[in-house]
Amino acid sequence: MVTKQLNASTDEADLTRADSLAREIFSDVANKWAFLIIESLGAGTLRFSELRDKVEGISHKMLTQNLRMLERNGLVDRKVHPTVPPRVEYTLTEPGQALRATVDGMCDWTHRFFGHIEASRHRFDG
């Protein structure tokens, strides 16, 4: 599948503009829960309860809100199976997989500089 790149106006693609679509998208996906959900779905399709178990500390409400936001932005595909009770599965889309590479980079950065940041916090906090 090839994703068509839209030619957004310069204003809409400008992250520095408060009213731009790019800023809105950035704001949506640049949060800890979205990053952790994307990282968890990177290994494959998961059901809601499996995601909740993988993302320790996330509430039912927060997981629901973030999954809806990721689906709205085309990063997650939601599939409802017609069973009783309904079985719902979540999978990263092509753009979601591409964003996962960035999330992986953030995870690598965190691991690489963990000791440095921990020491800096300790010095700062006294």
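1. Let's start with Trp 109. Its relative accessibility is 43%, so Trp 109 counts as partly exposed. For the cut-offs, buried means under 20% relative accessible area, exposed means over 50%, and partly exposed is in between (1.4 Å probe, protein chains only). Phe 113 is also partly exposed, with a relative accessible area of 28%.

2. Before going on, some ground rules. This is a predicted model, where local features need pLDDT of at least 70, side-chain atom pairs count only at pLDDT 80 or more, and totals for chains, interfaces and linings use all residues. Residues are numbered from 1 along each chain as its sequence is written, and side-chain values use heavy atoms, with hydrogens and water left out.

3. Back to the two rings. Trp 109 and Phe 113 form a tilted aromatic pair, 6.1 Å centre to centre with 45° between the planes. Rings of Phe, Tyr and Trp (its six-membered ring) pair if their centres lie within 6.5 Å; planes under 30 degrees apart count as stacked, over 60 as edge-to-face, and the rest as tilted. The count by this rule is 1 aromatic pair. Both residues lie in helix α5, 4 residues apart, or about one turn of the helix. An α-helix has 3.6 residues a turn, so residues three or four places apart point the same way.

4. Now zoom out. The protein chain has 5 helices and 3 strands, in the pattern α-α-β-α-α-β-β-α along the sequence. Here helices (H or I, at least four residues) and strands (E, at least two) are DSSP runs, numbered from the N terminus. The C-alpha atoms fill a box of roughly 55 × 40 × 25 Å along the principal axes, and 26% of the 126 residues count as buried.

5. Check out helix α1 (residues 21-29), where Ala 22, Asp 28 and Val 29 are buried. They sit on the same side of α1, because they cover an arc of only 125° around the axis (the arc is that of the directions from the helix axis to the C-beta atoms). The buried residues of α1 pack against α2 (32-41), α4 (60-72) and α5 (94-125); contact means heavy atoms within 4.5 Å.

6. Two strands pair if DSSP finds at least two bridges between them, and 2 bridges join β1 to β3 (residues 87-92). Arg 47 stands opposite Glu 89 in β3.

7. Have a look at Thr 83, in the loop between β2 and β3. Thr 83 counts as partly exposed, at 35% relative accessibility. A polar atom of the Thr 83 side chain lies 3.3 Å from the backbone nitrogen of Arg 87. Thr 83 and His 111 are 28 residues apart in sequence, and their C-alpha atoms are 41 Å apart in space.

8. Last, the record. An unreviewed UniProt entry carries the annotation "domain: HTH hxlR-type" for residues 18-118; UniProt positions are in the numbering used here, feature names are shortened, and annotations may be inferred rather than shown by experiment. Over residues 18-118 the chain is 63% helix and 14% strand, with the end C-alpha atoms 33 Å apart.

Conventions: A polar contact is a pair of N or O atoms within 3.5 Å; within protein, one must be able to donate a hydrogen and the other to accept it, and residues adjacent in sequence count only if both atoms are side-chain atoms.
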